[in-house]
Amino acid sequence: MPHTVFFLNGPNANLYGLDKNGTYGSESFASIEQRCQRHAAELGLTLEFRQSNHEGVLVDWIQEARLNADAIIINAAGLTYSSVPILDALLAFEGPIIEAHMSNIWKRESFRHHSYVSKAATGVIAGLGPLGYRLALTATAELLEARP
């Protein structure tokens with residue numbers, strides 16, 4: 001049976017490719033999702049790729065993952081720096097958690113240098129744009145394969 005991965009994206013991720021500053025690149029969110037779905041299939045993963053602008057919805061999905069997913073990849077976006085509820089939900093999840101960011105959060109404003117998500121994450125990928133999402137999927141597949 002293939003492993004199921006929840007790939008959760010936070011506020012404004014649906015606007016990727018539309019940012020005039022180019023912080024998150026030019027590829028649309030829908031295109032990134034399609035590429036992630038293809039790569040997940042190549043890796044033998046079932047992928048639930050989701051996005052919400054609402055903290056509580058993300059918390060609900062993390063709790064849902066406790067019963068329905070083997071791993072979580074999360075880009076909590078702006079909630080990365082402020083959400084204790086997301087951290088608490090992630091700490092209750094027993095599988096691998098990869099924190100992924102399109103931009104290098106440590107090269108940006110100082111308030112972005114502290115991530116609540118990192119406290120729960122198995123690993124962090126940042127600053128590689130959509131390639132980071134692909135790498136997060138690859139890392140997740142390898143972590144799941146290595147589990148007893």
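**A colleague's note on the fold**

1. Five strands make up an open sheet, ordered β2-β1-β3-β4-β5, and the pairing is parallel. β2 and β5 (123-126) sit at the edges with a single partner strand each, so one side of each has no neighbour in the sheet. From one strand to the next the twist averages 20 degrees. Two strands count as paired if DSSP finds at least two bridges between them; helices (H or I, at least four residues) and strands (E, at least two) are DSSP runs, numbered from the N terminus.

2. A word on what you are looking at: this is a predicted model, in which local features need pLDDT of at least 70 and side-chain atom pairs count only at pLDDT 80 or more, while totals for chains, interfaces and linings use all residues. Residues are numbered from 1 along each chain as its sequence is written, and side-chain values use heavy atoms, with hydrogens and water left out.

3. Let's start with strand β1 (residues 3-9). Six of its seven residues are buried, where buried means under 20% relative accessible area, exposed over 50%, and partly exposed in between (1.4 Å probe, protein chains only). Seven bridges pair β1 with β2 (residues 45-51) in the parallel sense, and five bridges join β1 to β3 (residues 71-75), also parallel.

4. α1 lies across β1 and β2, running at about 160 degrees to β2. α2 lies across β1, β2 and β3, at about 175 degrees to β1. Here axes are lines fitted to C-alpha atoms, for helices over the stretch in contact, and angles run from 0 to 180 degrees between N-to-C directions.

5. Now α2 (residues 55-68) and α3: their axes come within 9 Å and cross at roughly 5 degrees. That makes α2 roughly parallel to α3, a label for angles under 35 degrees. In this pairing, E55, L58, V59 and I62 of α2 meet P85, I86, A89 and L90 of α3, with contact meaning heavy atoms within 4.5 Å. By class, the contact of α2 with α3 holds seven nonpolar residues, one charged and no polar.

6. The largest nonpolar core has 22 residues, of which F7, C36, L47, F49, I73, Y133 and L137 touch the most other members. A nonpolar core is a set of buried Ala, Val, Leu, Ile, Met, Phe, Trp, Tyr and Cys residues joined through side-chain atoms within 4.5 Å. Two or more residues come from each of β1, α1 (29-43), β2, β3, β4 (97-101) and α4 (130-146), and α4 gives the most, with five. Leaving aside residues up to four places away in sequence, F49 touches F7, N9, F29, I32, E33, C36, Q37 and Y133. Apart from this core lies another, of 21 residues, among them L58, I72, L90 and F93.

7. Finally, a look at V84, which lies in helix α3 (residues 84-91). V84 counts as partly exposed because its relative accessibility is 36%. The C-alpha atoms of V84 and V117 are separated by 8.5 Å, although these residues are 33 residues apart along the chain.

Methods. Angles under 35 degrees count as roughly parallel, over 145 as roughly antiparallel, 65 to 115 as roughly perpendicular and the rest as oblique. Ala, Val, Leu, Ile, Met, Phe, Trp, Tyr, Cys and Pro count as nonpolar, Asp, Glu, Lys and Arg as charged, and the others, Gly among them, as polar.
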